[in-house]
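Please open the structure in a viewer and follow the stops below in order. Each stop names a selection and then describes what is found there.

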Amino acid sequence: MKQLYILAVALVAGLSACKKSGVDIVDPERGDVDFTTYVAIGNSLTAGYADGSLYRSAQLTSYPAILAQQFRQVGGGDFNIPLLPGNAGWPSPKRVLAVRNGCDGEGALSPVFFSGVQDTAGSMANISGQGPFNNVAVPGMRCVDYMMPGYAEIARLFAGVGYAHRFYDHPLTQSPLDVTLKRTPTFFTVWLGGNDVLGYALSGGEGNGAGGVLPSDISLLGNFTSVYDLLIDTLAAIGAKGVLLNIPDITTIPYFTAIPANGLILDETEAETLSNVYTATGIRFAAGANYFMIQDVTAPGGARQIRDGELLLLSIPQDSLKCAGWGGRKPIPRSYVLDAAEIGNIQTATIAFNQVIQNAAQKHGLAYMDADAYMKTLQSGIVYNGVTYTTTFVTGGAFSLDGIHLTPRGYALVANEIIRTINARYGSTISLADVNRYDGVHFP
Amino acid sequence: MRKTGSLALAFMSVSLLASGGSYQLNLQGLRQVAMGGSGVAWPWDVSAIFYNPGALSRLDGLQVYANAFAVSPRVRYEEALTGVYTAEAHPKRSVPFAVYAGGTVKKGGKLGVGLGVYTPFGSSINWGDDWRGRYIVQSIALSSIFVQPTVSYRVNDIISVGAGFVYGSGTVEIHKAIPLQDMDGNDGRSVLKGRAHGVGFNVGAQVKATGKLQFGASYRSGVRMKVKDGNASFDVASSLVTSFPNTSFSTELPLPGILTIGAGYRVTKKLVVQGDVVFAGWHTYDSLRFEFKENTTALRNTSEPRNYSNTIALRLGAHYNITPALAVMAGGAYDPSPVSDDLLAPDAVDADRLSLSCGVSYIPVRNVSVIAALNYTATPQREAFYAPANFHGVYQIKSLVPALAVSYKF
C-alpha cells in the first residue's frame with residue numbers, strides 16, 4: 001500500500017503545482033477617477049443619433065449611456081438623458097430597411113423612412129425641468145458653437161435643429177457651456193469637432209474649404225482652437241478627469257464610400273452609345289465597370305470621370321443614378337462629389353483640429369482617445385466575439401442606415417475603446433460592455 | 001440598364017465552425033479507468049480489445065464485458081479582465097459505454113478473437129442560445145461508436161500480438177447564431193447536422209519479460225471521421241433567405257493516432273502497479289473546414305485554424321487484491337491539452353487535465369465480476385483566446401464520472 005500512498009502524494013502535488021496558470025481576473029476598480037457624475041459633451045454621435053434621426057431607444061444606447069452603465073460597477077451614478085418621448089425619429093422619421101422596387105423594376109433592400117407608429121407627440125416640449133442632464137450632446141453641434149450665447153434659439157431658427165431648444169432652460173441666452181456646467185462633472189468625455197468638417201463634406205465641398213463661419217464651411221482653426229481650449233480649461237479647472245476623443249477621418253465612413261467610384265456598369269452597346277456622347281473630349285467607356293462622370297468646371301466640357309480616391313455622396317438620388325443617366329450622359333452634380341482637393345481640405349483640417357485636441361489632453365493630463373485610428377480599424381474589420389464589424393453600408397453592422405452614425409453595436413464598440421483608454425490612463429479596471437447584446441441593423 | 005453596387009449584399013462572412021478539443025474519451029475499460037486509464041501492459045480483461053489487442057490471446061478463455069459511464073462535465077466561462085460576466089454550460093449527461101466479447105478460443109490456446117464496441121470520442125456542450133459566444137457556438141454534440149473485430153496470437157510464453165480493424169460511425173450537430181437580426185431583433189440561426197464515418201486499425205503487443213514484469217505497446221491509428229452529406233439549415237429574416245439557402249455540407253474531423261507504451265509490475269502477490277505513456281498525434285488537426293454544396297456571398301466555405309499539437313500523457317495506477325474476490329484500484333493521469341492558448345474555442349474547451357480515480361471490483365458469484373469506479377477530472381483555470389473570433393476568457397472544466405461494469409467468464 002505504500003506505493004499507492006506515494007502515488008497519491010505525487011498526484012496531489014501535481015494538482016497543486018498546476019493551480020498557478022497566470023489567470024488575471026481582477027475586480028472592477030475605479031482607479032484614480034470619481035465616476036459619480038459623468039457628463040457627456042458632443043454632437044450627434046454622443047447624443048446617440050442613428051438612422052438619420054434621433055429617437056428614444058437610440059438615446060438609451062448612445063455610447064455615453066453604455067459607458068454610464070459600465071461605470072455603475074465602479075461607483076458611477078445616475079445618468080440623466082434628455083429623452084425624446086418616442087421611437088419614430090424626430091423631427092424627421094428614422095430610416096428602416098425595406099425591400100422596394102427601384103425605377104428599374106428590381107426589388108432591392110433599401111433604407112426608407114419609418115412609417116410605423118408615429119409616437120413623437122410632445123417632442124417639442126421643453127423638458128429642462130427634468131434637468132440638469134448628464135448627456136448634454138446636441139446633434140449638429142460644432143466645436144466652434146460651444147461658447148455661443150443663445151445657441152439653441154439660433155440652431156432652431158436658422159438651421160431647423162430643435163434638439164438643444166428642448167432641454168436648455170434658457171434657450172435664448174445660454175451657451176452650450178452654460179448648460180454643460182449646470183451639472184458639475186467629476187468625469188467627462190468630449191467628442192466634438194466632427195461637424196466642424198462634416199458640414200463641408202455633406203455639401204459636397206461647396207462651402208469654404210479654407211475656413212469660414214457657415215455650417216457648410218470648414219471651421220476656422222483659430223476659432224476651433226480658442227473654443228476647444230476654453231472648454232477643456234474650464235472642465236479641468238473643476239478638477240474633473242476625462243477623455244478627449246479626436247475626430248475620425250470622415251472620408252472613410254459609408255456615407256462617402258458606399259457608392260464606388262467605378263460603379264457605372266455598362267454593356268457593350270451602352271458603352272458605345274456613351275462614348276459617342278463624349279467624342280468631343282475623347283472619354284471612352286467599355287463594357288463592364290466604368291468610372292462615373294462628374295461635373296468639373298476646370299475639365300474640358302465641364303465634366304470628367306471621377307478618379308480613384310474621390311468620393312460620391314450617399315445622398316445621390318438612387319433612381320437618377322439607375323435610370324436617369326446620372327453619372328453617364330448627365331455628369332453627377334458637384335454637390336454630390338468630393339474631389340481630391342476637397343478631400344485634401346477635410347483631411348488637412350481634421351489633422352489640425354486633432355492636434356488641438358491632443359494638445360489639450362496633454363496640457364491637462366487627460367486621457368486621449370485616437371478615435372480616428374480606431375474607426376480606421378473598422379475598414380479592415382473589428383472582430384468582436386465572433387462577429388466582424390466593418391464600414392460596409394448596411395451589412396457591416398457598425399454604421400446605421402444613414403451611413404454616418406453608428407448602430408447601438410457600433411456605439412458599444414466605441415464605448416469599449418473609451419473604457420480601454422480610461423483603464424490605461426487612470427489605472428481603473430472597468431469591464432467592457434457586451435457589444436453583441438445591443439442591436440445592429442434590422443433586416444425585414 | 002446600369003446598376004450601382006451601393007447595396008450589394010456583401011455580408012460579413014458567417015463562419016460555421018464546429019469543434020474538436022481534446023474530444024477523446026478515455027473511458028473504455030472500467031478497471032483501467034480506475035487505475036488512471038493505464039493498462040497497455042497487463043491483460044486485465046477482455047477490454048484489452050481496446051487497450052492492447054495483443055493481450056487478448058493471453059486471457060484464459062472467453063469473456064463478455066459491458067460498462068457504462070455517466071458523464072456530465074461542468075464547464076465554466078468567465079469573461080477576461082473582470083469576470084463580471086460568467087457562463088456555465090447547461091449540464092448535459094451522456095452515457096458512453098463499451099461492450100466486449102472475446103478471449104482465447106480454447107482455454108490455454110494461442111489464438112484469441114474478439115469484438116469490441118466502444119465510444120472513443122464524444123463531446124457535447126450547450127452554452128445556451130443567448131450567451132456571449134453564441135455567434136461562435138450555442139451548442140455542439142459529437143458522438144461516436146466504434147466497432148472493432150480483433151484477432152490476437154500468443155507467439156510464445158513471452159510475446160503476444162494482436163490487431164483489430166476499426167469501423168467508426170458518429171453524429172455531429174452544431175447550433176449557432178448568425179449575427180443578422182430580423183425586424184424584432186432576433187438573431188439568425190444555423191443548424192448543421194450530419195452522420196460521420198471512418199475506418200482505422202488498432203494493433204498491439206505484450207511482452208511478459210519476467211514473472212513479475214510486463215511490457216506492452218499499442219497503436220490505434222488515426223481515424224478521419226468524414227461527414228459527406230450533412231444537412232445545413234438556416235433561419236434568417238425573409239429578405240436574407242436567398243443568401244442562406246438550406247443546403248448540404250461536408251466536413252471532416254480527424255481523430256488522432258495514439259501510441260501507448262507501458263509497463264506493469266507485480267510488487268507483491270496482491271499488488272500490481274502499472275504506468276503508460278501515451279503519445280497522441282493531434283497535429284493532424286490543423287484546421288476545421290466546412291464546405292457547402294451551395295455557396296452565396298453570405299454563405300461561404302469556411303476554414304478555421306486549429307493547429308493542435310501532439311501531446312504526451314502519463315497514466316499511473318495500482319491494483320490491490322484484498323481477498324481473491326475483492327480488489328481495489330486507484331490511479332491518476334496527467335493529460336496535457338493539444339490546444340494552444342490563442343486557438344481555444346468555446347466549442348472545444350480544453351486545458352491540461354489532471355484526473356484521479358479509484359474503484360472496487362468484486363466477484364459475487366463464480367465467473368461474474370462487478371466493478372464500480374469513480375473518476376474525477378479537473379483542469380486549472382485556463383485563460384485563453386480564440387483568435388479567429390476574438391473571443392477571450394477563462395475556462396475551467398470539472399467532471400465527476402461514476403461508472404459500473406459487469407463481466408462474465410465462460
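In which sense, right-handed or left-handed, does α4(A) cross α14(A)? The model in view is a predicted one. To find the answer, select residues 63–71 of chain A, which form helix α4, together with residues 408–426, which form helix α14. The crossing of α4(A) past α14(A) is right-handed. The axes of the two helices lie 8 Å apart, at an angle of about 50°, and α4(A) and α14(A) are therefore oblique to each other.

Next, display the side chains at this contact. From α4(A), Tyr63(A), Ile66(A), Leu67(A) and Gln70(A) take part, and they meet residues of α14(A) including Tyr411(A), Val414(A) and Ile418(A). The contact of α4(A) with α14(A) comprises 9 nonpolar residues, 1 polar residue and no charged ones.

On the α7(A) side, show Asp196(A), Val197(A), Tyr200(A) and Ala201(A); on the α12(A) side, show Ile346(A), Ala349(A), Thr350(A) and Phe353(A). By class, these are 6 nonpolar, 1 polar and 1 charged.

Finally, turn to the strands. An open sheet of 4 strands in chain A runs in the order β1-β4-β5-β12, with parallel pairing. From one strand to the next, the twist averages 15°. Select β4 (residues 187–191) and β5 (residues 241–245) of chain A, which pair over 4 bridges; here Phe187(A) stands opposite Lys241(A) of β5(A).

Notes:
Residues are numbered from 1 along each chain as its sequence is written. Chains are lettered from A and ligands numbered from 1 in the order in which they are written. This is a predicted model: local features need pLDDT of at least 70, side-chain atom pairs count only at pLDDT 80 or more; totals for chains, interfaces and linings use all residues. Two residues are in contact if their C-beta atoms, placed from the backbone, lie within 7 Å. Ala, Val, Leu, Ile, Met, Phe, Trp, Tyr, Cys and Pro count as nonpolar, Asp, Glu, Lys and Arg as charged, and the others, Gly among them, as polar. Axes are lines fitted to C-alpha atoms, for helices over the stretch in contact, and angles run from 0 to 180 degrees between N-to-C directions. Angles under 35 degrees count as roughly parallel, over 145 as roughly antiparallel, 65 to 115 as roughly perpendicular and the rest as oblique. A crossing is left-handed if the near helix is turned anticlockwise from the far one by less than a right angle, and right-handed if clockwise. Two strands pair if DSSP finds at least two bridges between them.
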